[in-house]
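Visitor: I have a chain open here and would like to go through it with you. Can we start with the overall layout and then move to details?

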Amino acid sequence: MAETQQFDLTRHGLDHTPLVRSAVLELEPPSLKDNTGLAERFVSALKEAAALKEVRFPVFLAGRLKDILLQSDFKAWAAFHVQADQGCLVDVRPVSRAGPVYGLAVDIGSTTLSFALLDLDIPQVIGEISLTNPQVEYG
């Protein structure tokens with residue numbers, strides 16, 4: 001496997017603010033004094049952890065939330081899309097199944113196609129490949 005590369009983006013005048021980020025959230029379990037729903041607790045914790053004003057929570061993720069929180073002692077890993085101060089949950093997993101968030105950079109040039117797999121939590125290239133654009137023979 002190729003050696004990974006870590007870049008200092010600020011040195012090149014670039015900012016590392018990926019559209020998808022991740023965080024580990026720890027929630028207070030419900031009690032008789034605070035019976036706030038799990039989805040509402042989760043959204044509040046994510047807003048605080050990521051400094052977001054609003055968070056959308058897709059219904060398909062809400063159905064898994066209770067089981068995930070109960071099996072991982074009210075801790076969960078969340079991947080979320082960020083645009084300005086708005087967030088949208090993309091995935092929720094038990095902390096034991098947390099992993100990096102990957103992105104794919106694609107450069108479609110007239111003669112070369114380049115692809116790079118990146119770990120978005122840190123600016124790190126995991127692997128890259130380039131090949132001749134098959135359209136080059138058509139001009």
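Guide: From the N terminus on, the elements run β-β-α-β-α-β-β-β-β-β. That comes to two helices and eight strands. Bear in mind that this is a predicted model.

Visitor: What share of the residues counts as buried?

Guide: Of the 139 residues of the chain, 30% are buried. The chain exposes about 9400 Å², and 54% of that area is supplied by carbon and sulfur atoms.

Visitor: And the contacts, what percentage join residues at least 24 apart?

Guide: The figure is 47%, taken among contacts between residues at least 6 apart in sequence.

Visitor: On to the core. Which residues of the largest nonpolar core touch the most other members?

Guide: Leu25, Phe42, Leu89 and Val92 do, in a core of 22 residues. At least two residues each come from strand 2 (20-26), helix 1 (38-50), helix 2 (59-71), strand 4 (75-83) and strand 5 (86-94).

Visitor: Which element gives the largest share of this core?

Guide: Helix 1, with five residues. As a general point, nonpolar side chains in soluble globular proteins tend to be buried together.

Visitor: Take Leu89. What is Leu89 in contact with, neighbours within four places aside?

Guide: Leu89 is in contact with Phe42 and Leu46, then with Arg56, Phe57, Pro58 and Leu61, and also with Ala78, Ala79 and Phe80.

Visitor: Leu61 takes me to helix 2. Which residues of helix 2 are buried?

Guide: Leu61, Leu65, Ile68 and Leu69 are the buried ones. They pack against helix 1, strand 4 and strand 5.

Visitor: Where is the kink in helix 2 centred?

Guide: On Leu65, with an angle of about 35 degrees. Leu65 is also one of the buried residues of helix 2.

Visitor: Which residue just after helix 2 takes a positive phi?

Guide: Asp73, at about 55 degrees.

Visitor: Switching to charges. How many salt bridges does the count come to?

Guide: Four. One of them joins Asp91 and Arg64, with the closest N and O atoms 2.7 Å apart. This pair links distant parts of the chain, since Asp91 is in strand 5 and Arg64 in helix 2, 27 residues apart.

Visitor: Is Asp91 buried or exposed?

Guide: Asp91 is buried, because its relative accessible area is 16%, under the 20% cut-off. Arg64 counts as partly exposed at 35%.

Visitor: What does Lys53 pair with?

Guide: The side chain of Lys53 meets that of Asp85 in a salt bridge, 3.7 Å from N to O. Lys53 is in the loop between helix 1 and strand 3 (54-56), and Asp85 in the loop between strand 4 and strand 5, so the pair ties together parts 32 residues apart in sequence. Lys53 is exposed at 58% relative accessible area, while Asp85 is partly exposed at 26%.

Visitor: And what is the partner of Arg41?

Guide: Asp34, with the closest N and O atoms 3.4 Å apart. Arg41 counts as buried, at 9% relative accessibility, whereas Asp34 is partly exposed at 33%.

Visitor: Last topic, the surface. Which residues make the nonpolar patch?

Guide: Tyr102, Leu104, Val106, Ile108 and Leu117 make a patch of about 510 Å². Strand 6 (residues 102-108) gives the largest share, four residues.

Visitor: Where does Leu117 sit?

Guide: Leu117 is in strand 7 (residues 112-119). Its relative accessibility is 34%, so Leu117 counts as partly exposed. Tyr102, in strand 6, is partly exposed as well, at 46%.

Visitor: What does Leu117 touch, leaving out residues up to four places away in sequence?

Guide: Leu117 touches Tyr102, Gly103 and Leu104, and also Gln124, Val125, Ile126 and Gly127. Tyr102 and Leu104 are among the residues of the nonpolar patch too.

Visitor: How far apart are Leu117 and Ala105 in space?

Guide: The C-alpha to C-alpha distance is 6.5 Å, and the two are 12 residues apart in sequence.

How values were computed. Residues are numbered from 1 along each chain as its sequence is written. This is a predicted model: local features need pLDDT of at least 70, side-chain atom pairs count only at pLDDT 80 or more; totals for chains, interfaces and linings use all residues. Side-chain values use heavy atoms; hydrogens and water are left out. Buried means under 20% relative accessible area, exposed over 50%, partly exposed in between (1.4 Å probe, protein chains only). Contact means heavy atoms within 4.5 Å. A nonpolar core is a set of buried Ala, Val, Leu, Ile, Met, Phe, Trp, Tyr and Cys residues joined through side-chain atoms within 4.5 Å. The bend at a residue is the angle between axes fitted to the seven residues ending there and the seven starting there. Patches are made of residues with over 30% relative accessible area and no salt bridge: like charges are joined within 9 Å, nonpolar side chains (Val, Leu, Ile, Met, Phe, Trp, Tyr) within 5 Å. Accessible areas come from the Shrake-Rupley method with a 1.4 Å probe; for residues, only the protein chains shown count as cover.
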